[in-house]
Amino acid sequence: IRTPMNGVLGTLELLSRTDLNNQQRGYLNAIEGSSANLLQLICDVLDVSKIEAGQLSLELVGFSPLELVQEVIQGYAGAAHSKGLQLFACLDPQLPDRVRGDVTRIRQILNNLLNNALKFTESGRIVLRLRQESREGERVMLQWQVVDTGKGIAAQDQQYLFEPFFQANGNANVVAGTGLGLSICKRLVHLMNGTLRVVSEPGLGSSFTFTLPLEQVGAHE
């Protein structure tokens, strides 16, 4: 399903490099945006289907928690700047240099949480915190937290946040997503034997925190 959509997006990119008048360029931008949204919906639905069918397997590799945070923050720096938001990370100096885990899925969770924070925050700041919660031998518990100063989430909506296709009320000025992102995050964290929770207050912002057990490894693993 993804292959033809990638073909559409690739062809649209080639078309964007040709001579187009302003009206044609506007149509092209609209098609590109809709196609990208459709591809994201397809990917989200496939992820949910794989998880529910027990077919999503984790790929454990060695990675640097510090480098992962730096990479993710850099990826959202431009979008935050364009909205006039402060975006920064707070890192625990006791973090292990390298750990073993599914870095692709951890990055997916962080991207989803940061994307939501940017979407629902009009002023103020977004902070990504990472700390070592505990350590026993080579086993470490790392805690990631994404905090924003956005509109916050009503108490009656919080209990449904991680349900598939749920979208909170009162977001008329925000482009609607698939309603699957947080559900996927919750399921991925559960697959990795971790926990995910939210603390939010309307008008004061939101905080999403997930904790994962990981294995500390050497520099060459």
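Is Asn193 buried or exposed? At 64% relative accessibility, Asn193 counts as exposed, where exposed means over 50% relative accessible area, buried means under 20%, and partly exposed covers what lies in between (1.4 Å probe, protein chains only). The structure is a predicted model, in which local features need pLDDT of at least 70 and side-chain atom pairs count only at pLDDT 80 or more, while totals for chains, interfaces and linings use all residues. Residues are numbered from 1 along each chain as its sequence is written, and side-chain values use heavy atoms, with hydrogens and water left out.

**Asn193 and helix H6**

Asn193 belongs to the loop between H6 and strand E6 (195–201); helices (H or I, at least four residues) and strands (E, at least two) are DSSP runs, numbered from the N terminus. Although Asn193 is not a glycine, its phi is positive, at about 65 degrees. Asn193 follows H6, and in H6 the residues Gly181, Leu182, Ser183, Ile184, Cys185, Leu188 and Val189 are buried. The cover over these buried residues of H6 includes H2, H4, E6 and E7.

Axes are lines fitted to C-alpha atoms, for helices over the stretch in contact, and angles run from 0 to 180 degrees between N-to-C directions. A crossing is left-handed if the near helix is turned anticlockwise from the far one by less than a right angle, and right-handed if clockwise.

| Helix pair | Angle | Axes |
|---|---|---|
| H4 (residues 103–120) and H6 (residues 181–191) | about 145 degrees | 10 Å apart |
| H2 and H6 | roughly 35 degrees | within 10 Å |

The crossing of H4 and H6 is left-handed. On the H4 side, this contact (heavy atoms within 4.5 Å) is made by Arg105, Gln108, Ile109, Asn112, Leu113 and Asn116, and on the H6 side by Gly181, Leu182, Ile184, Cys185, Leu188 and Val189. These residues divide into 7 nonpolar, 4 polar and 1 charged, where Ala, Val, Leu, Ile, Met, Phe, Trp, Tyr, Cys and Pro count as nonpolar, Asp, Glu, Lys and Arg as charged, and the others, Gly among them, as polar.

The crossing of H2 and H6 is left-handed as well. Here Asp44, Asp47, Val48, Ile51 and Glu52 in H2 meet Ile184, Arg187, Leu188 and Leu191 in H6, and the residues of this contact divide into 5 nonpolar, no polar and 4 charged.

**Along helix H2**

Helix H2 spans residues 22–52 and holds Ser35, which counts as buried at 9% relative accessibility. Leaving aside its neighbours within four places in sequence, Ser35 is in contact with Met5, Val8, Leu9 and Leu12. Val8 and Gly62 are 54 residues apart in sequence and 34 Å apart in space, C-alpha to C-alpha.

**Aromatic pairs**

Rings of Phe, Tyr and Trp (its six-membered ring) pair if their centres lie within 6.5 Å, and planes under 30 degrees apart count as stacked, over 60 as edge-to-face and the rest as tilted. By this rule the count comes to 2 aromatic pairs. Trp144 and Phe210 form a stacked pair, 5.2 Å centre to centre and with 10 degrees between the planes. This pair links distant parts of the chain, with Trp144 in strand E5 (residues 139–148) and Phe210 in strand E7 (residues 205–216), 66 residues apart. Trp144 is buried, with a relative accessible area of 0%, and Phe210 is buried with a value of 0%.

Phe162 and Phe208 form an edge-to-face pair, 6.5 Å centre to centre and with 90 degrees between the planes. Because Phe162 lies in the loop between helix H5 (155–158) and H6, and Phe208 in strand E7, the pair ties together parts that are 46 residues apart in sequence. Phe162 is buried, with a relative accessible area of 16%, and Phe208 counts as buried at 9%. The charged end of Lys186 sits over the ring of Phe162, 5.0 Å from its centre; a charge sits over a ring if NZ of Lys or CZ of Arg is within 6 Å of the ring centre and within 35 degrees of the ring normal.
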